[in-house]
Amino acid sequence: QVQLVESGGGLVQPGGSLRLSCVASGRLFSINTMGWYRQDPGKQRELVASITRGGSTFYADSVKGRFTISRDNAKNTVYLQMNMLKPEDTAVYYCNAAVVVTPQYDSNYWGKGTLVTVSS
């Protein structure tokens with residue numbers, strides 16, 4: 001069973017920074033693309049940033065220049081460094097990973113989410 005566990009959320013003032021982490025654990029062969037999504041109550045979950053195993057990245061326009069995604073393949077971990085946070089960044093942030101469980105089977109996994117609140 002593969003699990004994703006996020007950490008690093010919390011309350012921060014506008015203009016501040018937070019670093020989210022997500023660790024994948026369990027029996028797995030490798031991990032392809034990892035990403036961070038966020039969701040406000042009443043809104044659809046949206047992709048914030050993603051990173052391939054080789055390090056290619058994608059960012060939503062709303063976070064370009066402020067957020068940086070990175071990963072440590074040896075630790076099965078993905079990070080999201082969030083700088084210059086704005087109140088509109090407030091949301092539950094979810095980790096997502098495309099996991100190769102065995103060479104014959106792969107699947108998509110989600111973490112349970114970590115709350116980020118940007119408020120003065």
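A search of the whole structure finds one aromatic pair. Y37 and W110 make up this pair, with an edge-to-face geometry: 4.8 Å centre to centre and 65° between the planes. The rule pairs rings of Phe, Tyr and Trp (its six-membered ring) if their centres lie within 6.5 Å; planes under 30 degrees apart are stacked, over 60 edge-to-face, and the rest tilted. The pair links distant parts of the chain. Y37 lies in strand β4 (residues 30-39), W110 in strand β10 (residues 105-110), 73 residues apart. Strands (E, at least two residues) and helices (H or I, at least four) are DSSP runs, numbered from the N terminus.

This is a predicted model: local features need pLDDT of at least 70, side-chain atom pairs count only at pLDDT 80 or more, and totals for chains, interfaces and linings use all residues. Residues are numbered from 1 along each chain as its sequence is written, and side-chain values use heavy atoms, with hydrogens and water left out.

**Fold**

The protein has zero helices and eleven strands. Its radius of gyration is 14 Å, close to the 14 Å that the globule rule gives for 120 residues, so the protein is as compact as a globular protein of that length. That radius is taken over C-alpha atoms, and the rule is 2.2 Å times the number of residues to the power 0.38. The C-alpha trace spans about 50 × 25 × 25 Å along its principal axes. Among contacts between residues at least 6 apart in sequence, 54% join residues at least 24 apart. Contact means heavy atoms within 4.5 Å.

**Burial**

Of the 120 residues, 38% count as buried. Buried means under 20% relative accessible area, exposed over 50%, and partly exposed in between (1.4 Å probe, protein chains only).

| Residue | Relative accessible area | Class |
|---|---|---|
| Y37 | 22% | partly exposed |
| W110 | 38% | partly exposed |
| D89 | 0% | buried |
| I69 | 4% | buried |
| S21 | 16% | buried |

**Charges over rings**

The charged end of R19 sits over the ring of Y79, 4.1 Å from the ring centre. R45 lies over the face of Y94, at 3.7 Å from the ring centre. The test asks for NZ of Lys or CZ of Arg within 6 Å of the ring centre and within 35 degrees of the ring normal.

**Buried sites**

D89 is placed in the loop between β8 (77-82) and β9 (91-102). Its side chain reaches the backbone nitrogen of K86 at 2.8 Å. Leaving aside neighbours within four places in sequence, D89 touches R38, R66, F67, M84, V116 and V118.

I69 belongs to strand β7 (residues 67-72). Beyond four places in sequence, its contacts include M34, W36, I51, Y59, V78 and Y79. I69 and P14 are 55 residues apart in sequence and 20 Å apart in space, C-alpha to C-alpha.

S21 sits in strand β3 (residues 18-25). With neighbours within four places left aside, S21 is in contact with V5, E6, S7, W36, V78 and Y79.

Definitions and conventions. A polar contact is a pair of N or O atoms within 3.5 Å; within protein, one must be able to donate a hydrogen and the other to accept it, and residues adjacent in sequence count only if both atoms are side-chain atoms.
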